[in-house]
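Here is a short note for a colleague opening this entry. Please read it with the structure in view.

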Amino acid sequence: MDEILLSVSNLSITIGKEEAVRSSSFSVSRGSVTALAGESGSGKSLTALAIAGLLPSSATVSGSIIFDGFPLTTWEGIRGRKIVLMLQSASEALNPVYRIREQVRKVLSMNDRDSSDEHVMELLSSVGIADASEKYPHELSGGMQQRALLSMAMAAEPELLIADEITSSLDEDNADMMLRLLVRLASEHGSSVLFITHDLPLAARYAGRIAVMHAGTVVEEGDTGDVLSSPGHPYTKLLIRCSSLEKDSDGSLLVINGIMPSPRDRIRGCSFSSRCPVSIPACSSVSPPLRISGSHLWRCVHE
Ligand code: SF4
């Protein structure tokens, strides 16, 4: 049986009057790549910030986040060391006034690791940007900035690397290359990956397990092959049909009708009831039951 590295249970996050994450649960096994997938605004990034201990002080959090067997209540000695978060905007994450090699060396020093020139160059070579070691972030393309960030993430040798939409500004080929590199390096360093994405085909290629979020709630979780070949939740089914994994008979992509409930909305019953093509009256009044098939879980009134 897989060893669980991260277990998120009934996580809810409220900021002001907005309940952005609602009773969400999923887990990440040690050594695995797990995707947290869903449309924009589904609460994926706030979940990542909660795991990394980076929520604003105004956020109210309930539920539990267990990391490496212990509840995460303080992130001292964990964030930036055992848990590393890579954000979508590499240009904002990199320090504009330091050369790339200096930024990698700083991460190595902070983590009490070998910060010699040789090791810095080894890390930059591993992501294919050794030639950029003397450059400043603004001298690099978006893809090279992401690679620089990846080398810094790997310098920490984290137990968990959270990659939040890191490929969204890259074209399809570069996104694929970046993910392949990330997964290979994480495997070599023994890091688990939580890969946050709206891109189901990328998740299908690189994640062994997937958790699907809608309106702040994880509605389905399981091995990626099981979820994508036999989705249980109607939202996952539609998400697959809207992605390039599946096309309509005339070759066009489908869209999901309706709009996702906003964090300001008070949701009763299933969060998908206003958009679901197979909803019944009970869906908007009672919480849908949990369906379990092995390690494949989803919540729906229908079996
Ligand atoms: S519980 Fe009802 S509304 Fe929700 S996904 Fe199932 S059928 Fe659709």
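1. Start at Ile162. Leaving out residues up to four places away in sequence, Ile162 touches Ala48, Ile51, Ala52, Ile83, Leu85, Met86, Leu194 and Ile196. Contact means C-beta atoms, placed from the backbone, within 7 Å.

2. A word on the basis. This is a predicted model: local features need pLDDT of at least 70, side-chain atom pairs count only at pLDDT 80 or more, and totals for chains, interfaces and linings use all residues. Residues are numbered from 1 along each chain as its sequence is written.

3. The largest nonpolar core has 80 residues, and Met86 and Ile162 have the most contacts inside it. Such a core joins buried Ala, Val, Leu, Ile, Met, Phe, Trp, Tyr and Cys residues through C-beta atoms within 7 Å. Buried means 20 or more other C-beta atoms within 10 Å of the residue's own, placed from the backbone. Helix H5 (142–155) gives the most to this core: 7 residues. Helices (H or I, at least four residues) and strands (E, at least two) are DSSP runs, numbered from the N terminus.

4. Now the sheet. It is open and mixed, with 8 strands in the order S6-S7-S8-S3-S9-S10-S12-S11. Strands S6 (83–86) and S11 (290–293) are at the edges with a single partner strand each, so one side of each lacks a neighbour in the sheet. Pairing requires at least two DSSP bridges.

5. S10 (217–223) and S12 (296–299) pair antiparallel over 2 bridges. Glu221 has Leu297 in S12 as its bridge partner.

Technical notes:
Buried ≥ 20, exposed ≤ 12 C-beta atoms within 10 Å, placed from the backbone. Contact = placed C-beta atoms within 7 Å.
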